[in-house]
Amino acid sequence: MDWKEVYEAQDKGVLKSQAGRCMDCGVPFCHQGCPLGNLIPEWNDLTWRGKGEEAIERLHATNNFPEFTGRLCPAPCEASCVLGINQPAVTIKQVEVSIIDDAFENGWVQPLPPARLSGKTVAVVGSGPAGLAVAQQLTRVGHTVAVYERDDKIGGLLRYGIPDFKMEKEQVDRRVEQMKAEGTRFRTGVAVGSDVTWEQLRRRYDSVVIATGATVPRDLPIPGRELEGIHFAMDYLVPANRVVAGETVEGQIDAKGKHVIILGGGDTGADCLGTAHRHGAASVTTLAIGKQPPLERATHQPWPTFPTLFEVASAHEEGGERTYLASTVEFVGENGKLTGVKVAETEFVDGKRLPKAGTERVIPADLVFLSLGFTGAEPAGITEQVSAEFDGRGNVARDGYYMTNTEGVFVAGDAGRGQSLIVWAIAEGRACAAAVDKYLMGSTILPAPVAPTDRAIAVL
């Protein structure tokens with residue numbers, strides 16, 4: 001089992017047929033489902049007619065990085081597809097990724113440097129999808145943009161959080177090269193808040209954008225948490241991605257021959273699952289505290305809303321056991337090392353999920369990965385150095401124009417929104433760029449697909 005992307009390119013005839021199905025729609029609702037407002041019927045029609053170069057122009061009109069969303073987005077657009085009312089939805093995501101892959105292969109993706117410079121400077125802190133979208137939009141309208149990243153390479157979780165079997169890093173590298181050619185500057189290995197302060201950035205640049213993501217992991221403080229062998233998911237995934245990239249990592253967590261339990265049934269848990277498979281784990285069990293989602297839409301999630309459904313990722317197809325209604329009660333161990341996880345059936349009492357007495361059992365485990373989501377952005381000196389406030393959910397607080405309570409300091413993506421989808425990160429990055437441009441220039445020509453509050457839509 002290798003680390004290459006698991007999904008092969010779809011047959012051209014099938015893609016054309018799927019794109020053609022889009023033309024059966026009367027009033028498209030896929031726009032409503034996509035935070036970016038992608039022009040889906042337009043580029044589907046162009047794909048059906050074999051006009052790939054025009055298709056990528058329409059796709060890029062609303063989405064800076066379709067190679068990312070086409071591989072990683074859960075496709076809320078497909079949940080809103082009109083055909084999905086009574087038949088399978090159009091495979092919009094597959095068509096999208098085929099358009100951008102063909103565009104790169106045929107040399108249709110070219111740098112778009114600005115015609116003139118504005119004389120304004122912007123620092124973007126964080127190089128995930130939100131930060132990259134902010135930077136590219138602002139660079140293209142003439143601002144001088146520098147992206148600060150504390151890691152040694154650009155990409156954020158795209159680089160070190162997403163395993164190569166879901167997206168190979170060539171996708172990030174070639175987009176970064178395009179941005180460099182457009183004029184965006186990148187500063188890697190710089191931890192803002194310590195290596196350089198936020199206040200120093202404010203003095204040096206006309207505006208600062210916080211796009212650091214929501215990277216504080218949610219813990220599970222139950223008996224036995226201190227045992228050796230219990231790790232946050234990212235403490236496992238990041239070193240694994242570095243090793244795949246050819247780096248040497250001291251003390252890498254290795255699942256080879258071990259019994260692995262993953263707590264949490266989301267995308268990050270699936271990434272841990274696929275990585276453990278490739279490390280040769282003896283067994284991998286995923287535990288989720290809630291009920292198994294339904295295979296079809298629940299009545300309270302009608303079309304065109306985005307439903308919660310039972311999903312089978314590529315990592316699940318490769319093996320492993322998935323257990324639902326499993327409440328983790330205690331981590332069990334000997335001599336300071338993890339040997340098992342005590343779980344009980346979940347019962348619902350007054351709307352709360354609680355372990356059911358008398359149903360406890362111990363599952364053998366050598367490694368446990370906590371994949372329970374994230375609680376917000378890392379403080380990193382934000383409050384102390386620029387007086388930017390955090391809200392009650394652990395996110396950097398902002399107004400309807402993406403600005404914090406400190407003038408000239410903006411926030412976009414998960415840092416202000418909380419843990420969310422990659423498509424939301426890009427959409428917020430684009431909208432934040434419009435807000436920054438308006439702040440710097442008094443007006444903006446940049447599109448703003450989404451806003452934290454409705455009142456920002458009319459202004460931007």
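Helices, as named in this tour, are DSSP runs of H or I with at least four residues, numbered from the N terminus. The model is predicted, so local features need pLDDT of at least 70, side-chain atom pairs count only at pLDDT 80 or more, and totals for chains, interfaces and linings use all residues. Residues are numbered from 1 along each chain as its sequence is written, and side-chain values use heavy atoms, with hydrogens and water left out.

**Stop 1: helix α11.** Select residues 198–204, the helix that holds both Arg 202 and Glu 199. These two residues stand three apart, about one turn of the helix. They form a salt bridge, with their closest N and O atoms 3.8 Å apart; the term denotes a side-chain nitrogen of Lys or Arg within 4 Å of a carboxyl oxygen of Asp or Glu. Arg 202 is partly exposed, with a relative accessible area of 32%, and Glu 199 is partly exposed at 26%. Here buried means under 20% relative accessible area, exposed over 50%, and partly exposed in between (1.4 Å probe, protein chains only).

**Stop 2: helix α10.** Next select residues 170–182, where Arg 175 lies. Arg 175 pairs with Glu 67 of helix α5 (residues 66–72), 108 residues apart in the chain. The closest N and O atoms of this salt bridge are 2.7 Å apart, and both Glu 67 and Arg 175 are buried.

Arg 159 lies in helix α9 (residues 157–160) and Asp 173 in helix α10, so the pair ties together parts 14 residues apart in sequence. Arg 159 is buried, at 8% relative accessible area, whereas Asp 173 is partly exposed, at 36%.

**Stop 3: a salt-bridge network.** Select Glu 5, Arg 71, Asp 101, Glu 170 and Arg 174, which salt bridges link in a network. The structure holds 23 salt bridges.

**Stop 4: the largest nonpolar core.** Select Trp 43 and Val 124, which have the most contacts inside this core of 65 residues. Such a core is a set of buried Ala, Val, Leu, Ile, Met, Phe, Trp, Tyr and Cys residues joined through side-chain atoms within 4.5 Å. Its largest share, eleven residues, comes from helix α17 (residues 422–441). Of the 20 residues of α17, 16 are buried. Just after α17, Gly 442 takes a positive phi of about 90°.
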